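Q: I have a new structure open. Could you walk me through how to read its features?

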Amino acid sequence: MNLRGRVVWLLLALVAVARAAPDDLAARTVILVNSRQPESVALGRFYAAQRGIPPTNLVALPLPAEETITWRTFVDSVWQPLQDELLRRGWLEGFLSEQLDPLGRRRSGITGHKLAYLVLCRGTPLRIDHDPTTLDERAAARVQKEFRTTAASVDSELTLLAQNNPPTLGPLPNPLFNAPRAAEVSRELVVKVARLDGPSDAAARHLVTSALEAERQGLIGRYYVDLGGPHASGDRWLEATRDQLVDLGFFGDVQGGSGMFDVTDRFDAPVLYFGWYALTANGPFVRPEFRFPPGAIALHIHSVSAASLRTTKDFWCGPFLAHGVTATFGNVFEPYLEFTIRPHLLLAELAQGRTLGDAAYFATPALSWQTVVIGDPLYRPFRVSLDEQMQHLAELPPALACYVIARKVAVLDRLGLDPEARALLARGMRERPSLPLALTVARYEIAHGRPDAAVTALGFVPRLPPVSAADWPLLKHAAELVAAHGAAREALPFFELLVKSTAPNPDAQLHALGDARRVAEAAGDMTRALEFARQAAGLPLPNAPSLPK
């Protein structure tokens with residue numbers, strides 16, 4: 001897509017968001033809770049109250065406590081009781097007979113449904129183990145070997161509640177996938193299921209409150225994209241996602257090598273994260289102080305990214321939720337890449353003002369498979385436009401306002417309005433000075449061939465007091481920019497502050513000392529170079545008294 005086409009796409013997206021109007025989605029949202037767990041019931045009532053969902057839309061069933069259950073348990077304790085109740089209340093249309101299919105489900109004549117979304121609350125089982133006894137050998141022979149499994153997420157199986165005794169072997173095509181004009185008959189076949197869950201009740205409730213906060217103030221922050229996964233097609237999806245993020249005006253960073261974002265990399269305000277491919281959350285996500293900003297959406301493509309939601313350290317979705325993400329997506333068992341959620345389709349729909357629930361099922365290729373959608377399906381991340389954010393800039397949290405300014409600058413820049421962009425940055429630095437905004441100014445000036453202006457914009461940084469481990473990567477980025485685009489003598493004070501500040505870990509401190517030594521040598525300051533070398537070697541400085549033995 002050329003520059004003009006991208007600008008037109010951005011303008012259309014902003015118009016669509018502005019026109020998006022509330023409808024009866026909340027009235028048609030049904031909430032499933034575990035009646036055996038008071039916290040589950042309380043969470044369901046909390047969500048209903050926050051979103052204006054009628055209390056009568058709460059369905060309480062005695063569900064198993066385990067995350068992983070058998071097919072027999074799923075049919076007896078989840079599928080059939082829920083289908084019976086939804087039919088009794090009129091959410092499903094049709095009838096059930098007393099005859100059972102081979103799985104023990106009642107044979108059905110379902111003709112449609114009235115649900116906008118089905119929301120599973122913490123306390124609902126997560127996944128169903130493979131059961132070889134349920135396989136039809138003749139049917140299995142027609143299925144590709146890798147897909148001869150009945151293992152699936154509970155959520156994905158429940159998307160088929162309005163279908164009549166669907167098969168359980170392998171994935172089924174999602175009729176809503178990448179279908180902008182899906183026929184009514186297709187929508188009648190799919191119940192859109194999402195989940196409010198996490199390693200704690202607080203994390204599950206945060207999914208609701210953070211979504212509401214983001215809808216009030218808009219999506220604010222930066223993007224981060226991890227490329228370099230094992231298959232070219234996945235990288236193409238993520239590259240397309242990055243292009244959309246740029247078109248939407250977000251500033252951010254891309255990790256394009258074989259590794260991932262490191263604990264020392266800049267990672268402030270990650271409101272949009274897309275990446276792959278590691279088994280467990282790492283890098284900046286494991287910093288003790290790390291938190292997502294309100295409304296954050298994070299997707300890490302991995303085979304078992306959601307194998308458990310009760311962990312704060314293993315896999316991806318659990319740690320994301322523990323650190324305050326607002327929406328995330330994962331797989332409970334191996335889905336194979338072609339059946340994972342498509343990040344570029346997800347983002348494109350959200351940017352058009354769609355809800356999380358609608359966008360997720362537009363981007364999900366398969367049902368009766370491994371995907372889980374974690375977050376409030378009513379959440380509209382782009383409900384507030386960028387222009388509205390600028391109009392209410394003074395009302396935004398000071399720590400986030402700088403990212404709104406940065407996004408507006410990106411839009412002005414794409415329209416060729418360089419003087420206006422520079423004026424906005426200058427005003428921002430006068431009224432709301434901050435290190436993230438100064439870095440925005442510096443990167444903007446460098447992109448426009450004005451490195452001296454970039455160094456000047458960062459000139460105040462060495463006068464700051466030593467920074468915390470949370471801000472250390474920002475300071476490191478500033479030091480590296482000045483070292484790359486200014487003189488060594490200009491960069492040296494930045495590195496002096498960097499080594500005095502609290503690094504994320506000892507290795508980061510050691511690397512910073514090495515960089516500081518090299519900059520000091522380039523500046524001709526051998527005294528400081530020796531000081532940095534001694535610190536790196538763990539030696540006392542010349543003027544430091546030795547400890548008594």
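A: We begin with the largest pocket, which has a volume of about 700 Å³. This is a predicted model, in which local features need pLDDT of at least 70 and side-chain atom pairs count only at pLDDT 80 or more, while totals for chains, interfaces and linings use all residues. Residues are numbered from 1 along each chain as its sequence is written, and side-chain values use heavy atoms, with hydrogens and water left out.

Q: Which residues are closest to the centre of the largest pocket?
A: The general idea comes first. On a 1 Å grid over the protein atoms alone, a pocket is an open set of points with protein on both sides within 12 Å along at least five of seven lines; lining residues have an atom within 4 Å of a point. Grid points are joined across faces, edges and corners, and a volume is the space filled by probe spheres set on the points. Here 28 residues line the largest pocket, and Tyr117, Arg187, Lys192, Arg354 and Asp358 are the closest to its centre.

Q: Which helices supply at least two residues each to the lining of the largest pocket?
A: Helices (H or I, at least four residues) and strands (E, at least two) are DSSP runs, numbered from the N terminus. In this case they are helix 6 (184–187), helix 10 (343–351) and helix 11 (356–362).

Q: How does the lining of the largest pocket divide by class?
A: Ala, Val, Leu, Ile, Met, Phe, Trp, Tyr, Cys and Pro count as nonpolar, Asp, Glu, Lys and Arg as charged, and the others, Gly among them, as polar. The lining of the largest pocket has 13 nonpolar, 3 polar and 12 charged residues.

Q: What is the volume of the second largest pocket, and where is its centre?
A: The second largest pocket holds about 410 Å³ of space. It is lined by 21 residues, of which Asp268, Ala269, Ala470, Asp471 and Leu474 are the closest to its centre. Helix 13 (398–414), helix 15 (435–447) and helix 17 (472–485) each give two or more residues to this lining. The largest share, 3 residues, comes from helix 13. By class, the second largest pocket is lined by 15 nonpolar, no polar and 6 charged residues.

Q: How many cavities are there?
A: A cavity is a set of grid points where a 1.4 Å probe fits but cannot get out. The whole structure has 4 cavities of 30 Å³ or more. The volume of the largest cavity is about 60 Å³. Its lining includes Leu299, His300, Phe329, Asn331 and Thr371. Strand 14 (297–300) and strand 15 (327–331) each supply at least two lining residues, and strand 15 has the largest share, with 3. This lining divides into 4 nonpolar, 7 polar and no charged residues.

Q: How far does helix 7 reach, and where is its kink?
A: The expected span of a helix is 1.5 Å times one less than its number of residues. Helix 7 (201–217) has 17 residues and reaches 25 Å from first C-alpha to last, close to the 24 Å expected. The bend at a residue is the angle between axes fitted to the seven residues ending there and the seven starting there. In helix 7 a kink of about 30° is centred on Leu207. Gly218 follows the helix, with a positive phi near 90°.

Q: Which residues of helix 18 are buried, and what do they pack against?
A: Buried means under 20% relative accessible area, exposed over 50%, partly exposed in between (1.4 Å probe, protein chains only). In helix 18 the buried residues are Ala491, Leu492, Phe494, Phe495, Glu496, Leu497, Leu498 and Val499. They pack against helix 17, helix 19 (506–522) and helix 20 (526–537).

Q: Is Arg105 buried or exposed?
A: Arg105 counts as buried because its relative accessible area is 5%. It lies in the loop between strand 4 (92–100) and strand 5 (106–113). Contact means heavy atoms within 4.5 Å. Leaving aside neighbours within four places in sequence, the contacts of Arg105 include Trp79, Gln99, Asn165 and Pro166.

Q: Where is Pro81, and which residues does it touch?
A: Pro81 is found in helix 3 (71–88). With a relative accessible area of 24%, Pro81 is partly exposed. Not counting residues up to four places away in sequence, Pro81 touches Leu61, Val75 and Asp76.
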